[in-house]
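Please look through the sequence and the structure below before reading on. The paragraphs that follow take one residue as a starting point and then move on to other parts of the chain.

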Amino acid sequence: MMHKPLFILALLSVGCSHAVVAGESDALKLYPLSKKEMAMPDLDEGCSYQLKGTKNPEILHFGKGAICPPKGRSAGVSDCVPGSVINVNNKQMNIRRILKEGYLADYEPALYENDDYVIEIKSKFRDKEDCEKNSCEIFFLEAVMTIKKGSLQRNFEMHGSCYLPN
């Protein structure tokens, strides 16, 4: 008589373990950007980020920039078309920034989306102590990027820099 409830519990535990394993295969992962496949111009103007701990400064995981008319940014960013790119689960894609009303400062939280993902990035200047330990010459920003897809969500710690010419 005791064997039937134990058998049912064993079946439930096996079913639950498969659900957990299946859920891990849907995990959100960041991959390096492939510059030759980017649908936006050079990231030398704009901001670029990489996962904290990436050893090669040439590897980028998120880039945001803008295509501006020949007169340049000094004429006003309203004439520029923003472009951002990310590679999630080995699928490189362009994402669009969701703008709030009014002026958006360069280093306040930014929200991006496409049909499947919502991405928020919060940047700040790296601490002086951190820059003394590890050079801030290349990446002077630290950021937390949150990626959401449906019920999945994951945070990534990033380093970044921005170059916005006059």
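This is a predicted model: local features need pLDDT of at least 70, side-chain atom pairs count only at pLDDT 80 or more; totals for chains, interfaces and linings use all residues.

With a relative accessible area of 14%, Ser 161 counts as buried, because buried means under 20% relative accessible area. Leaving aside residues up to four places away in sequence, Ser 161 touches Gly 46, Cys 47 and Ser 48, and also Ile 138, Phe 139, Phe 140 and Leu 141. One of these neighbours, Ile 138, has its backbone oxygen 3.4 Å from a polar atom of the Ser 161 side chain.

Strand β8 (152-163) is also among the elements that give two or more residues to the largest nonpolar core, but let us begin with the core itself. In soluble globular proteins, nonpolar side chains tend to be buried together. The largest nonpolar core here has 22 residues, of which Leu 30, Phe 62, Ile 86, Met 145, Ile 147 and Met 158 touch the most other members. Two or more residues each come from β1 (46-51), β3 (81-88), β4 (91-98), β5 (110-113), β6 (118-125), β7 (141-149) and β8 (152-163), and the largest share, 4 residues, comes from β7.

At the surface, Ile 98, Leu 111 and Val 118 form a nonpolar patch with about 180 Å² of accessible area together. Leu 111 lies in strand β5, and at 33% relative accessibility this leucine counts as partly exposed.

Terms used
Residues are numbered from 1 along each chain as its sequence is written. Side-chain values use heavy atoms; hydrogens and water are left out. A nonpolar core is a set of buried Ala, Val, Leu, Ile, Met, Phe, Trp, Tyr and Cys residues joined through side-chain atoms within 4.5 Å. Buried means under 20% relative accessible area, exposed over 50%, partly exposed in between (1.4 Å probe, protein chains only). Patches are made of residues with over 30% relative accessible area and no salt bridge: like charges are joined within 9 Å, nonpolar side chains (Val, Leu, Ile, Met, Phe, Trp, Tyr) within 5 Å. Accessible areas come from the Shrake-Rupley method with a 1.4 Å probe; for residues, only the protein chains shown count as cover. A salt bridge is a side-chain nitrogen of Lys or Arg within 4 Å of a carboxyl oxygen of Asp or Glu. A polar contact is a pair of N or O atoms within 3.5 Å; within protein, one must be able to donate a hydrogen and the other to accept it, and residues adjacent in sequence count only if both atoms are side-chain atoms. Contact means heavy atoms within 4.5 Å.
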